[in-house]
Amino acid sequence: MRRSLVLTLLIGAWCPAAWAQTATAPGFIEARGFLFPQDAPNDPTRAVSDWLWRQEGILRPTPSLQLVAGVDLRANTHDQIEDVWRIDWEDRHLRPPRMSVRRLAATVAVGRLTLDVGKQFIRWARADVLNPIDRFAPRDFTNVIDTEFLPVVGARSSLQLGPETVELVFVPRFTPSRMPLLTQRWTIVPPHMASVSILDAGSRFPEKPQFGGRWRHTGSRLEGGLSYFDGYNHLPVLDVRGGQPIFEAREEEVLDLPVPRQPVIIGRTPLVLTRIYPRIRTYGLDFAVPMPWLTVKGEAAYFLSRDDAFPEYGLYVLEIERQMGEWLFTGGYAGEVVTGEDRPLAFDPERSLARSFIARAFYTAGPQRTFTLEAVGRQNGEGFYVMGEYSHGFGEFWRITITQVVLAGDEDDFLGQYRRNSQLSAALRLSF
Amino acid sequence: MSRALRHSVILIGMLTCHVAPAFSQAADDAQRIVDEAERRATTTSERYAGALQSFNADGRTSEKRWMFERVGAHGESKSIIRFTEPPDVNGVALLIVNHPERVSDQWMWTPALQRDRRIAVQDRSTRFFGTDFTFEDLEERVADHSVHTLQGEEPIDGADAWRIQAVAKGSRPSQYSRQILWIRKDNYVIVRIDSYVKDEVVRQLRSSRIRQVQGVWTAHEMVISDLPRGTRTRLTLEKVEYNLPLRESDFTVQALRR
């Protein structure tokens, strides 16, 4: 990292004399309130407030060099933020940190080669809602339907040869997706286990580095990419132990009576939960084909693992997109093909959202106003999610965004299990 | 096309010009005028800071600012628009790759999502960011894209001007059935464009504050009006520069995130 920075600074010294360095410091403060109309069995809190101050600094000392640094400062009324004052770098804790480094990276562009080093976002996604090829993009699922991407620490090089781009990624240290908090409404405990206490035994983080590569073709009539990932799934497999029944002591055993009784369960041993991140390889494909009447786009990835606890499967998304005036419509299907052993117990919103129809409509009502409507419905009809959002800017600095989410379905379905978590939220953002 | 016109064409794209086969005197004259305008407009690259004010029907305004850069010319140019203000769109960037024989390709970079996205512009009349500019208006158009006919002479804003009709060729369809251009005789700058859908003027562009920049007559203010909606957008150009040593490698999808 230090060597890379020195290198970038040396390269940056080649700046043309006429170049005027630019520096910007974009940021915002956002206050957001969530209202949940229904209690959750493990979480009676129905109003939550979230505060975020995000501050970034972007410096371009030369045309070839860009330095970016950014920090987040958070607060929350429902114990969803770590109650520790420190600057977090790793994003590995169960709760989002109060203060964290969001980005700290240098980008060097020399001719056809671009090199990004540091804490950064690496996105390969092309589709909406579900992105199976986005293997370097862990997310914060503290609120499962209102997630945020987490940065990773690594190096990315991009070599551009005409319409072809070859990208190589090296991430030496693993960043996991953040699971919902066990004691809050986004962790659903089956009714028969409701009285069982859950002991969090933590996470087994892998220590080996991760690699990835992607070839991308950017053509007028076809845009596509092939990708390879060798690393760890940022979504955990859950190793759950315990939960065995505790029986009432039998009188016959105590008194040595001749007639036995049915055993009575008076409790269960605590569940001990450990998060494990299996090593995986994925082969990915993505494409977009713009046509006169619509655009067809999609992405797919096949997941392989040497870990017996992890099945082999493929995820894919196929969508069509159509612009009509100020409306942008997208619709499609997210599917799954399981070729190996079926799933272990895991927190895996990617797989759990597969086998669903997805639809999205976006309307630009003016320079300051937008509407979004998004829906996901399981093909078996057992769960669905509908989100409507209205965003309105006021003047140069203020924006209010109101979001209504409705979740419904069966308790056995990934979306349906959250049916008591429909929510209304309002966010007021001051950008500067 | 004059250089100022070139400027307008790249930026606003409404300036469809064409050198038609000289089957008539009117077409021949129109061709010569448009040719000359294009010759005067030719620059290898361009950069300016733009201030974009949108006025809705109630007169309320919103303002955005961007940096515009272009490399190349004659329908084979590449342009990048990077928003700088207001803060909540700061960093949003649009890459436009123009092609001489067909409609442009466009990609949008959204910093909040950290991803680029191909703009699916099946409907090129879609308004750009809710302004009165459509995605088609942002494309560069060159002479070959339209057939031109001289309709006469008509003073405009106190200056003598030619009035020329432009009709898009079938190979490059347009949302507009025709456009009427007013080209000033003294500097070959297009100072007004009325764009029609069927027989109705739906959009009107007026250019003003015309000054020379590096020998190029350049309109520093353009007001585009969406007449059916009663809205308008004013684009003011600042710090205009031509023929800069810009790098082709900075006009790619990969470069959008920089």
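This is a predicted model: local features need pLDDT of at least 70, side-chain atom pairs count only at pLDDT 80 or more; totals for chains, interfaces and linings use all residues.

Trainee: Is Glu207(A) buried or exposed?
Mentor: Glu207(A) counts as exposed because it has 9 C-beta neighbours inside 10 Å. Residues are numbered from 1 along each chain as its sequence is written, and chains are lettered from A and ligands numbered from 1 in the order in which they are written.

Trainee: Where is Glu207(A) found?
Mentor: In the loop between E12 and strand E13 (210-218) of chain A. Strands are DSSP runs of E, at least two residues, numbered from the N terminus.

Trainee: Which strands form the open sheet with E12?
Mentor: The order is E12-E18-E15 in chain A, with mixed pairing. Strands pair if DSSP finds at least two bridges between them. E12 (198-204) and E15 (237-242) of chain A are at the edges, each with a single partner strand, so one side of each has no neighbour in the sheet.

Trainee: How many bridges join E15(A) to E18?
Mentor: Six, and the two strands run antiparallel. Val237(A) is opposite Ile276(A) in E18(A).

Trainee: New topic. How many residues does each chain give to the contact?
Mentor: Chain A gives 41 residues and chain B 30, where contact puts C-beta atoms, placed from the backbone, within 7 Å. E21(A) supplies the largest share of chain A's side, four residues.

Conventions: A residue is buried if 20 or more other C-beta atoms lie within 10 Å of its own, exposed if 12 or fewer, and partly exposed in between; C-beta atoms are placed from the backbone. Two residues are in contact if their C-beta atoms, placed from the backbone, lie within 7 Å.
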